[in-house]
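Here's a quick briefing to read with the model open beside you. Have a look around first, then come back for the details.

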Amino acid sequence: MENNSNLANSSTRRSRPYHSTLRQKQVQATRELILQALAEQLAAEGLQDFSIADAAKRAGVATRTIYRYFPNREVLLDAVGNWVEQQMGELPYPTTPMEVADLAEQVFPRFEEHTVLIQALLLSELGKSVRSRLRSKRRQSVEHALIPLVDDSESARAIRALIGHLVTAETWKHLRDEFGVNGEDSAKAVAWAIRTLIKDLEIQDGKSNDELPMGAPIHSA
């Protein structure tokens, strides 16, 4: 009897890692289903408000299941934001002014690939909250990348804000909806505008980046 008991205990111990791994996979799969459903609801045409119950129905889970994974609005918004960012693909954080122009050439075609989702993020209240989280880190990196270009005066901050705004989804949407410009062409146009602004600021200061030591600031006029 003792040997049988030892064998049973040993078998239980061996099976636990398998069941644990399986459970983790099930949890991850359910979480992905919920996030996809949340994003799909965001992308639904005419969405003006957000419903946990509708998202649960779309995901095929109980409403309480969503609350189990995402107990409050903050956790939910962060998770959806991260999911959307994964769908968009990894994008660089610029470290120099010219890399900000490069960023426009990279993100606008991505916006075009995910038009419905990006439109929903721009138009729905929940989407705006998700986007505010998504863009806060990138906006900070853009502003930091532009610091060597202009000083910290009020006018210089306005220039940084203008350049930063040019690489947003709002600019992509406006060019697309109002002028019929596709993502590839708007990316080229915005990148050209940013590079032109950068060169103009360098000319106003009477110096080019090549003439300045590494890290030296270029001040706006």
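How many of the 9 residues of helix 6 (residues 115-123) are buried? The count is 7, so helix 6 is largely enclosed by the rest of the structure; buried here means under 20% relative accessible area, with exposed being over 50% and partly exposed in between (1.4 Å probe, protein chains only). Bear in mind that this is a predicted model, where local features need pLDDT of at least 70 and side-chain atom pairs count only at pLDDT 80 or more, while totals for chains, interfaces and linings use all residues. Residues are numbered from 1 along each chain as its sequence is written, and side-chain values use heavy atoms, with hydrogens and water left out.

**Overall layout**
- The chain has 10 helices and 0 strands; helices (H or I, at least four residues) and strands (E, at least two) are DSSP runs, numbered from the N terminus.
- Of the 221 residues in the chain, 37% are buried.
- Take the contacts (heavy atoms within 4.5 Å) with a separation of 6 or more: 67% of them join residues 24 or more positions apart.

- The average pLDDT of the chain is 78, and 76% of the residues score at least 70; pLDDT is the predictor's confidence in each residue, from 0 to 100.
- Among the elements, helix 1 (residues 2-43) has the lowest mean pLDDT, at 70, and helix 9 (residues 169-179) has the highest, at 94.
- Residues 207-221 have a pLDDT below 50, and that stretch has 30 contacts in the model beyond near neighbours in sequence.

- Leaving out residues up to four places away in sequence, Phe70 touches Arg31, Ile34, Leu35, Val75, Leu76 and Ala79.
- The buried residues of helix 6 are Thr115, Leu117, Ile118, Gln119, Ala120, Leu121 and Leu122.

**Helix 5 against helix 9**
- The axes of helix 5 (residues 97-113) and helix 9 come within 10 Å and cross at roughly 65°; axes are lines fitted to C-alpha atoms, for helices over the stretch in contact, with angles from 0 to 180 degrees between N-to-C directions.
- On the helix 5 side, Phe108, Phe111 and Glu112 meet Ala169, Thr171, Trp172 and Arg176 of helix 9.
- Val107 is also found in helix 5, and it counts as buried because its relative accessibility is 3%.
- Not counting residues up to four places away in sequence, Val107 touches Leu91 and Val167.

- Arg138 sits in helix 7 (residues 125-146) and counts as buried because its relative accessibility is 15%.
- Setting aside residues up to four places away in sequence, Arg138 touches Glu85, Leu91, Pro92, Tyr93 and Leu103.
- Ile52 lies in helix 2 (residues 52-59) and, at 16% relative accessibility, counts as buried too.
- Again without residues up to four places away in sequence, Ile52 touches Thr63, Ile66, Tyr67 and Leu76.
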